[in-house]
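Here are my notes on this one, in the order I went through it. Have a look at the structure first, then read on.

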Amino acid sequence: MKENPPKVEPPYENDEGLITVHHPEEGVTLPPHPNQIFAVVCFKGRQFRVVKDERILIENVTEDIQVGQQFVLNDVRMIGTYDYTCLGRPTVANARVFVTLEEKPQSEKVIIFKKTRRQGYQKSMGHRQVLSMLRVDRVEHEISEEGMLKLQEKGQLTTLQ
Amino acid sequence: SYLVKGNCLYLDGGAVLGGVMFLDKAKILKLAKGFRGRSKNCIRIAAPRVTKALQYATRDRKQKKREMRSLWITRINAGTREHGLKYGQFMSGLQQENIQVNRKVLSELAM
C-alpha cells in the first residue's frame, strides 16, 4: 500500500504575505481608502469576504460579548484593495477587522423529521438556532512604504503585467 | 368524508388513516404550498407527501454542504482555466504556499 509523502512544514508562517500590485505605473496609495478595501476573515471556522458596512450572520458568538460591543478579528487570510492584493500564508500580519455585535436573532424554525417506513418509527423535532448579526466597522491593513520595500527585497512583491 | 380529531384522521367506518399525524390539518396544508395538483389542497393526498418532503429536507440539509463544495470547485476551475491553469494545479500551488483561503471565498472571487 502506498504511503502518503511526509508532511513538510512550510518555512514561513503568519508573515506579511504575498503582495501583488495591480498597476505598477500608478503606484500604491497608502493607507488604502477605507471603502476600497476588502478582507477575507476566518471566524469560528468559516471564512467571509467582507467590506466596510457589511453584515455577517453566524452562529452564536461567546456569551462574554454583549450586544453593541465592538471586537477585533485577527485571523485575516487575504486583503484586497484597488491597488494591491495581499495573500496571507496562512494569515496576514498587521491586518484586522473591527466588528460590532448588532443583535442576536433566531433562525427560522427547521423541522427535523425522521421516518422508517413500515416499521412504525417516526419522530419529529423543531429547532431554532440562535444567530449573531455582526456588522463590519473597519478593515485595517497596517503597511507602509518601508514595509513594501522590505517585501520587495525578500521577493514577496510581484506586479501584474 | 373524514374527521380530523386531535392529530388523527378518522375515516368513515372507524378506520384511522396513516397512523397518527404529528401536525394538525392546517399546518400540513401550509407545508404543502407549492405542491402539484391535489397534493396542495386535499389532506389525504397532502399528508404523505408532506412527510416525504420533510424527510427529504432533513437528508438534504446534509447534502447541501456537499453540493455547495462541488459547485465552488466547478467555479474555481472555470476561473483558473481562463488564466491557463487547471483546478488541480491551482490548489496544489496554494497548498505549497500555505495559503488557506477556502473554496467558498475563492469561488466568490472567481465570479
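1. How many helices and strands does chain B have? Keep in mind that this is a predicted model. Chain B has four helices and three strands, and from the N terminus on they run β-β-β-α-α-α-α.

2. Some overall numbers for chain B. Of its 111 residues, 23% count as buried. The accessible surface comes to about 7,600 Å², with 53% of that belonging to carbon and sulfur atoms. If you take the contacts between residues at least 6 apart in sequence, 25% of them join residues at least 24 apart.

3. Now the interface. Chain A puts 21 residues into the contact and chain B puts in 19. About 1,800 Å² is buried between the two chains, and carbon and sulfur atoms give 59% of that area. On the chain A side, Gln47(A), Ile111(A) and Phe113(A) lose the most area to chain B, together 32% of what that side buries.

4. On polar links across the interface, the rule finds eight residue pairs in polar contact between chain A and chain B. The elements of chain A that give two or more residues to this side are β2 (37-43), β3 (46-50), β6 (76-81), β9 (110-116) and β10 (121-127). β9(A) gives the most, with five residues. By type, the chain A side divides into 13 nonpolar, four polar and four charged residues.

5. Which side chains form the salt bridge between the chains? Arg89(A) and Glu97(B) do, at 3.2 Å, N to O. The count between chain A and chain B is one salt bridge, while over all chains the count comes to eight.

6. Within chain A, look at Arg96(A). Its side chain meets that of Glu140(A) in a salt bridge at 3.0 Å. Glu140(A) sits in strand β11 (residues 131-141) and Arg96(A) in strand β8 (residues 95-103), 44 residues apart. Arg96(A) also meets Glu142(A) in a salt bridge, at 2.7 Å. Glu142(A) lies in the loop between β11 and α1 (145-154) and Arg96(A) in β8, so this pair ties together parts that are 46 residues apart in sequence. Together with Arg138(A), these three residues are linked in a network of salt bridges.

7. Buried or exposed? Glu140(A) counts as buried because its relative accessibility is 18%, whereas Glu142(A) is partly exposed at 43%. Another chain A salt bridge joins Arg77(A) and Asp75(A) at 3.1 Å, N to O. There, Arg77(A) counts as buried at 10% relative accessibility, and Asp75(A) as partly exposed at 25%.

Key
Residues numbered from 1 in each chain as written. Chains lettered and ligands numbered in written order. Predicted model: local features only at pLDDT ≥ 70, side-chain atom pairs only at ≥ 80, totals over all residues. Heavy atoms only, no water. Buried < 20%, exposed > 50% of the residue type's maximum accessible area, 1.4 Å probe, protein only. Contact = heavy atoms within 4.5 Å. Areas by Shrake-Rupley, 256 points an atom, 1.4 Å probe, with all protein chains shown as cover. Buried area = accessible area lost by both parts, 1.4 Å probe. Salt bridge = Lys/Arg side-chain N within 4 Å of Asp/Glu carboxyl O. Polar contact = N/O pair within 3.5 Å; in protein donor to acceptor, adjacent residues only side chain to side chain. Nonpolar A, V, L, I, M, F, W, Y, C, P; charged D, E, K, R; others polar.
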